[in-house]
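Please open the structure in your viewer and keep the sequence panel beside it. The stops below say what to select next and what is there.

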Amino acid sequence: MSRRSALALRLGLVAVAAGAVAGLLAGFAGTGGCDTSFGRTGTAVVDPVCAGLVRVMAARMGLVVGLATVVLVLTTVGLSRIGGPDRP
C-alpha cells in the first residue's frame, strides 16, 4: 500500500470515528430537553418532533466534525511537508 492510500485510509477512519462520536454525544445531550409533562401524574413524554429535530441536528454536527477533521489533518500534513527536510 502506498503512503497516499495509507494516509487516505487512516484519515477516512479517523474522520468517521470523530463524526460518529460527536453525533452520538450531541444526540444524547440534546434529547433530554425534549421531555414534556402532561396531566396530574407528571409522566414525562418525549415530543417526537423535538426528538426528530435533535437527531437531524446531531447527524449534521457529526458530518461537520468529520469534515473539519479531514481539513485539519490535511492541513497539518501539508504544513509538515513544507517545513520538513527534503526527502528523496
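Buried here means under 20% relative accessible area, exposed means over 50%, and partly exposed lies in between, with a 1.4 Å probe and protein chains only. This is a predicted model, in which local features need pLDDT of at least 70 and side-chain atom pairs count only at pLDDT 80 or more, while totals for chains, interfaces and linings use all residues. Residues are numbered from 1 along each chain as its sequence is written, and side-chain values use heavy atoms, with hydrogens and water left out.

**Whole chain.** Start with a cartoon view of the protein chain, which contains two helices and two strands, arranged along the sequence as α-β-β-α; helices (H or I, at least four residues) and strands (E, at least two) are DSSP runs, numbered from the N terminus. Of its 88 residues, 18% count as buried.

**Helix α2.** Select residues 48–83, the helix α2, whose 36 residues reach 52 Å from the first C-alpha to the last, close to the 52 Å expected at 1.5 Å a residue, where the expected span is 1.5 Å times one less than the number of residues. Colour its buried residues, which are A51, G52, V54, A58, G62, G66, T69 and V77; these pack against α1 (3–31) and β2 (43–46).

**T69.** Now centre on T69, which lies in α2. Is T69 buried or exposed? T69 counts as buried because its relative accessibility is 15%. Leaving aside neighbours within four places in sequence, T69 is in contact (heavy atoms within 4.5 Å) with L11, V14, A15 and A18.

**A18.** Not counting residues up to four places away in sequence, A18 touches V65 and T69.

Finally, show α1 and α2 together. Two packed helices are described by the angle between their axes and the distance between the axes. Here α1 and α2 pack at an angle of about 145°, with their axes 7 Å apart; axes are lines fitted to C-alpha atoms, for helices over the stretch in contact, and angles run from 0 to 180 degrees between N-to-C directions.
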